[in-house]
Amino acid sequence: MSEVKLVATTRTEFGKGAARRLRRADQVPAVLYGHGSDPLHVALPGHATMLAVKQANALFSIELDGKTTLAITKDVQRDVVKNTIEHVDLLIVTKGEKVSVDVPVTVVGESAPGTIHVVETQTLSLEAEATHLPTEVEVSIEGLEGGSSVSAGEVTLPTGSVLLSDPELTVVSVSVPHASAEDVAAEAAAAELAASQSAASAAAAESEG
């Protein structure tokens with residue numbers, strides 16, 4: 001995973017008013033913490049941070065006062081209406097360190113014809129090296145028949161990762177869709193209508209003959 005390089009500045013003002021001023025200046029309030037150090041309250045470049053947090057488990061290289069610190073995202077607070085970033089919590093990490101992260105599930109392959117699949121678990125908790133965090137977990141459903149499923153323990157994990165989620169947890173299930181009673185009734189009504197129209201057409205043709 002490549003590092004996302006961001007240049008941070010130290011925050012000296014706090015509170016909602018200060019945070020609003022930062023955001024108006026296209027900056028994002030953030031805090032860096034971990035490894036027993038005092039939390040560092042910083043401001044990050046807004047647009048670059050917004051793009052970076054879209055990447056699952058991105059590794060940040062934060063430059064602050066000439067010093068570079070590696071960190072990963074632990075929490076992103078957003079404005080639910082505007083969908084803008086309100087605040088970011090960043091955990092300081094070091095090369096070789098193992099951390100626990102939630103990794104998105106991506107389904108690959110096609111299940112058997114006539115079946116559908118449902119992703120029951122959107123993310124899996126893994127332990128991985130902080131500087132080589134996986135961005136996704138691929139779950140293959142190739143050729144799976146209706147009634148089958150894939151559990152967390154059956155998933156092939158990214159290299160160097162260890163599963164923390166319950167191995168019995170269902171990740172993807174495959175089933176054969178069944179028509180609802182309403183669908184069956186609608187199909188029957190349509191068939192009856194088509195039959196009556198066909199009979200009426202036949203009768204009309206006979207009378208004309």
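A residue is called buried here when its relative accessible area is under 20%, exposed when that area is over 50%, and partly exposed in between (1.4 Å probe, protein chains only). The structure is a predicted model, in which local features need a pLDDT of at least 70 and side-chain atom pairs count only at pLDDT 80 or more, while totals for chains, interfaces and linings use all residues. Residues are numbered from 1 along each chain as its sequence is written, and side-chain values use heavy atoms, with hydrogens and water left out.

The chain has three helices and 14 strands; helices (H or I, at least four residues) and strands (E, at least two) are DSSP runs, numbered from the N terminus. Of its 209 residues, 32% are buried. The pLDDT, which is the predictor's confidence in each residue from 0 to 100, averages 84 over the chain, and 89% of the residues score at least 70. Where pLDDT is low, the predicted coordinates should not be read in detail.

Strand E7 (residues 85–92) is itself largely enclosed by the rest of the structure, because seven of its eight residues are buried. Two strands pair if DSSP finds at least two bridges between them. E7 pairs with strand E3 (residues 27–34) in the parallel sense over four bridges, and seven bridges join it to strand E6 (residues 67–78), with which it runs antiparallel. Leu-90 of E7 stands opposite Leu-32 and also opposite Thr-73.

A nonpolar core is a set of buried Ala, Val, Leu, Ile, Met, Phe, Trp, Tyr and Cys residues joined through side-chain atoms within 4.5 Å. The largest has 22 residues, and Ile-72 and Leu-124 are among those with the most contacts inside it. Strand E8 (98–108) gives four residues, the largest share of this core. Apart from it lies another core, of 19 residues, among them Ala-52 and Val-53.
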